[in-house]
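Here is a walk through a protein structure, one region at a time.

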Amino acid sequence: MMTEYDRSRLLGLIKSEFKIDWHGIHGANHWARVLHHGKNIGNLRKADLVVVELFGFLHDSCRLNDSRDPKHGERAAEFAHGIHGDYFQLDPKQLDKLCYAMRHHSGGDVSLDATIQTCWDSDRLDLGRVGIMPSQEYLSDEASIFIDLAFDWSIQDPGKSHVR
C-alpha cells in the first residue's frame, strides 16, 4: 500500500533546510539514484515502498558536511519524527522502520527485515560516487544483481543527470 503525500512540498522543505551542496555527493542526484534502486529492489523483495521512498529523500537530508558525519542518520530520524503528520503520515511500525533505517544506514549492518535492508541496499548501491564498489557482503541477493549497473551509473558525470 502506497501512502500518498505531497512529494514536492516535502522536497521543498528538505531543500530549504539542506546544509550542504544540493548537487554534491550526498545531494539530490544521490537521492534520485537511491530512490530508483530502492523501488527496483523493493518490488523484488516486497518491501514497504513508501518507507523506502521516504528513506531515499530523508536519509542524508541532515548532513552537516560531505565527509565524516556520524550523527547524520540520527538527525535525519529526528527530522522525520518532527515532520511526521505534517508532511507524510505513516503508521507507527512504518515510522519505526524508517527511523531505524536512517539511524543505522552508515554502520555496515545487514537486516532480515526486507524494508530496512532495501533502504540500506539502495544507498549502498550508490557508493561508486565516492569511489567504492558495493560489496555483496552488505547487500541482499536481490540488490547484488544490480552492483555493476549501479556502479556504472553512480560514476557518470553528474552534469548528465536528469535531476536538477
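**From the surface to the core**

Let's start on the outside: K46 is exposed, with a relative accessible area of 70%. (Exposed means over 50% relative accessible area, buried under 20%, and partly exposed in between, using a 1.4 Å probe and protein chains only.) K46 sits in the loop that links helix 2 and helix 3. Its phi is positive, about 60°, although K46 is not a glycine. Helices here are DSSP runs of H or I with at least four residues, numbered from the N terminus.

A word on what you're looking at: this is a predicted model, where local features need pLDDT of at least 70, side-chain atom pairs count only at pLDDT 80 or more, and totals for chains, interfaces and linings use all residues. Residues are numbered from 1 along each chain as its sequence is written, and side-chain values use heavy atoms, with hydrogens and water left out. The protein chain averages a pLDDT (the predictor's confidence in each residue, from 0 to 100) of 93, and 94% of the residues score at least 70. Residues 160–164 are another matter: pLDDT stays under 50 there, and the model has 9 contacts for them beyond four places in sequence. Contact means heavy atoms within 4.5 Å. Where pLDDT is low, the predicted coordinates should not be read in detail.

Now go inside. The largest nonpolar core has 36 residues, and L54, L58, F88 and L98 have the most contacts inside it. Such a core is a set of buried Ala, Val, Leu, Ile, Met, Phe, Trp, Tyr and Cys residues joined through side-chain atoms within 4.5 Å. Two or more residues come from each of helix 1 (7–17), helix 2 (28–45), helix 3, helix 4 (72–83), helix 5 (92–103) and helix 6. Helix 3 gives the most, with 7 residues. Click on F88 and, leaving aside neighbours within four places in sequence, you'll find it in contact with Y5, L54, L58, A80, I83, L95 and L98.

W31, in helix 2, counts as buried because its relative accessibility is 3%. Beyond four places in sequence, W31 is in contact with I14, F18, W22, H26, G56, F57, H59, D60 and S61. Of these, D60 is 29 residues away in sequence, with a C-alpha to C-alpha separation of 8.2 Å. Over in helix 4, A76 is at 0% relative accessibility, so it counts as buried. A76 touches L58, H59, S61, C62 and M102, again leaving aside neighbours within four places.

Finally, look at helix 6. How many of its 11 residues are buried? The count is 10, so to speak a mostly covered helix. What covers them includes helix 2, helix 3, helix 5 and helix 7 (141–144). For helix 3 (residues 49–58) and helix 6 (residues 114–124), the packing angle is about 35° and the axes are 9 Å apart. (Axes are lines fitted to C-alpha atoms, for helices over the stretch in contact, and angles run from 0 to 180 degrees between N-to-C directions.) V51, V52 and F55 of helix 3 meet T115, T118, C119, W120, S122 and D123 of helix 6.
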